[in-house]
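The following paragraphs are intended to be read alongside the sequence and the coordinates.

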Amino acid sequence: MGFQVPLWRAIAVYRIASLCYAVALVELDSQDYSRWLLAWALLGVMAAWTAATSYAYREPQRRTALLLVSDLVITAGLLLSTAAVQYPGSMRAGATPVTATWVAGPVLAWAVQWGRRAGIVSALVLAGCDFALRSDRISIALNGAVLLVLAGMLVGYLARLAADVESAQQRATEVEAAGRERERLARDIHDSVLQVLALVQRRGIDAGGEAAELGRLAGEQEAALRALIGAKPESYLAGQEGEVDVRALLTREASATVTVSTPAEPVLLTAPAATETALAVRAALDNVRQHCPDGTRAWVLVEDEGDEVAVMIRDDGPGMTGGRLAEAAAAGRLGVSHAIDGRMRDLGGAAQITSGDGEGTLVVLRVPRRGRLL
Amino acid sequence: MWREAVARDLGSAGFEVVASVGDGEQAVRVAGAVRPDVVVLDLQMPGISGVDTIHGLLTAYPGARVLVLSASGEQQDVLEAIKAGAVGYLLKSAGRDEFLDAVRRTAAGEAVFTAGLAALVLGEYRRIAAGPSAGGAPELTVRETEILRMVATGQSYRQIAERLVLSHRTVQNHVQNTLNKLHLHNRVELVRYAIDHGLDTGRG
C-alpha cells in the first residue's frame, strides 16, 4: 500500500510538532501550573509515547488493535492528568490542557487505520475526557471537540479514497499487462497466418490453373492482413494528451500497390495536424489512382526530423510535364492545390510537388511540430 | 514446411544448401562447422531470439552474411536484427524469383533492402542522434541519407545510380556503409552496457 507510508509519517510529524507546541505552552503558561515539575514529567511521557508510536506505526504488521487502543487510552490518560498539574481555576478559565493539540494523535491514527467512523469514535472519547476536565465551561471545550471530530471524519474519508484510487490503479496495471501478453500471442498467430498465405501463394503459382487463382487471392489477403497488422492501434496512446502517432494513420493507406515506410519509433503530432497530414497524403495517393494507369505503384516515406515531420510520396507513373501542374491549378481544378498545398500551409508547413516526364511524381510534405500553429 | 520449400527452391536454383535447421541454438552450433556464405534467417523461430542467433552466428563464423526474413513486415524486431549484424531483409511473401535474387545479391556482397527497412534505418540514425551520444554517435552523410530516402521511396539501386550519376557499385557501397556504421555502434554499445553492468568477464 504505497500511500500508507506518507500518511503515517505525516501523523508522526504532527505528533512531534504538537509536542513542541505543548512544551512551549507549559513554559509560557507556567503560572497555571500548580505542580510544575510533574507537568514536565507528563511532557516527558508524551515525548516517550511520541517516539514509541513513530516507530510502532511505521510497519503495517505493528498497527494492531492493541497499539491503537493503547494509543487512545494513554493519550486520554495524559489529557485527564492535566487535572493533577493545573490549578482548577486556570482550567475553568480555559487554559489549554497539558496535551494541547497533541491529543489528536490517536484520532488521526484511528481514522487512517479503521476509517471515518473509527476516527469519529476516538474523537468523541477524547472530547468526552476534555469535557470531564472542564465540566462547567462546556463552551470552551466544544471548540476543541468539534475540531477533533472533524479531523477524524475528514482524514478517515481521505484515507479510504486514497485506498480506492490505489486499487483501481493496480487493476489497470494488471489489465495492461494482460493486454500486452495477448498482443504478443496475437503477433505469433498473425505471423503464422501470413506465412501460410505466402506458402499457398507460392504453391499456387507453381501448380498453375485454378490453384494459381487461389494463390493470387491468398497473396492479396496476405498483403491486406500485413497492412492491417502494421497499423498498431495502441500507438495512438503513445504521446501525451492530444498527441497522435501519425504512423498509425498513414499505414492505413498501405495496399498491394502502396507501400508505407516509417521509423520504428512513434512519430507524434497534435491530433489535428496528424489528421490533416493523413488527409493530404490520401489526396496525393488519390491523384496517383486517378491520373496514372492501373497498377502504378506508390511509396510513402515518413521521417521524424525533430522540429518537423517530413512525408514523401513517390509514384512510378508516367509523371507530369512542368506546365501541367500549374495549368491544372490555374484552370480551377483545385484538387491538387487545396487538398495538399492548402492543408500544409494551414498547418504552417509546406508542400513541394516535382514531376518529370516519365519520372513519376514526388510530393514532399513538411509539417512543423508544436509551436508553429496557424 | 516453409523451410523445405525454401531449401528446395535454393537447391534447384543451383545454390548449395549446407545446413537447414529449425532453431537458433542449432544454427549457431553448426555455423562454425559448415561455414555458410549466406545465412537465411527466419525471425519467427522458437527458442533463442533472432538477435541472439545472429550474435552467435557471427561469433562462430564472422564471414557469414545474414539475410533475415519475417512474415509481418518491417517492425522493431527486423531493426534489431539489422543492428545485430544482418545485412539484408526480405518479406516471406516475396516471390520465389525475388527471394533467389536476394540470396544471390547477398552472396555477392550487396545489402538487400526493402523500402520499409530503409525507413527503419533512417529512423534509427535519427534516434541515435537525438539520444545521449557519449563519444562518436554514427551519422549519415548527406549522400547516404539521399540514397536511403530513394530506397525508401521504392527506387532500385540501378535507378538511383542513374539519377545520381554514380556507379551501381558505389550506391551499394553507400548502403552497406550505413549498415557497417550501425553494426559498429551496436557492438560498442553492447560492450559499454556489459561494462556498466559488471558483466565484463575479465573482471571476474
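The largest nonpolar core has 87 residues, and of these Val300(A), Val66(B), Leu67(B), Val68(B) and Ala118(B) touch the most other members. A nonpolar core is here a set of buried Ala, Val, Leu, Ile, Met, Phe, Trp, Tyr and Cys residues joined through C-beta atoms within 7 Å. A residue is termed buried if 20 or more other C-beta atoms lie within 10 Å of its own, exposed if 12 or fewer do, and partly exposed in between, with C-beta atoms placed from the backbone. Apart from this core lies another, of 37 residues, including Trp8(A), Val26(A), Ala109(A) and Ile120(A).

The model is a predicted one, in which local features need pLDDT of at least 70 and side-chain atom pairs count only at pLDDT 80 or more, while totals for chains, interfaces and linings use all residues. Residues are numbered from 1 along each chain as its sequence is written, and chains are lettered from A and ligands numbered from 1 in the order in which they are written.

Ala118(B) touches Ser261(A), Phe113(B), Leu148(B), Val151(B) and Ala152(B), leaving aside residues up to four places away in sequence; contact requires the C-beta atoms of two residues, placed from the backbone, to lie within 7 Å.

Chain A contributes an open sheet of five strands in the order E2-E4-E5-E7-E6, with mixed pairing. Helices (H or I, at least four residues) and strands (E, at least two) are DSSP runs numbered from the N terminus, and two strands pair if DSSP finds at least two bridges between them. Strands E2 (258–261) and E6 (350–355) of chain A each have a single partner strand, so that one side of each, at the edges of the sheet, is left without a neighbour. From one strand to the next the twist averages 10°; axes are lines fitted to C-alpha atoms, for helices over the stretch in contact, and angles run from 0 to 180 degrees between N-to-C directions. Within the sheet, E5 (308–315) and E7 (361–368) of chain A pair in the antiparallel sense over seven bridges, and Met312(A) has Val364(A) in E7(A) as its bridge partner.

How does chain B meet this sheet? Helix H6 (residues 115–130) of chain B lies across E2 and E4 (298–304) of chain A, at about 10° to E4(A). In total, 27 residues of chain B are in contact with 29 residues of chain A. H6(B) supplies the largest share of the side of chain B that touches chain A, eleven residues. That side divides into twelve nonpolar, nine polar and six charged residues, where Ala, Val, Leu, Ile, Met, Phe, Trp, Tyr, Cys and Pro count as nonpolar, Asp, Glu, Lys and Arg as charged, and the others, Gly among them, as polar.

Chain B comprises nine helices and three strands, and buried residues make up 40% of its 204 residues. In helix H2 (24–34) of chain B, the buried residues are Gly24(B), Ala27(B), Val28(B) and Ala31(B). They lie on the same side of H2(B), because they cover an arc of only 100° around the axis, taken from the directions from the helix axis to the C-beta atoms. These residues pack against helix H3 (50–60) of chain B. Leu57(B) belongs to H3 and is buried, with 24 other C-beta atoms within 10 Å. Among the residues that Leu57(B) touches are Ala27(B), Val28(B) and Ala31(B).
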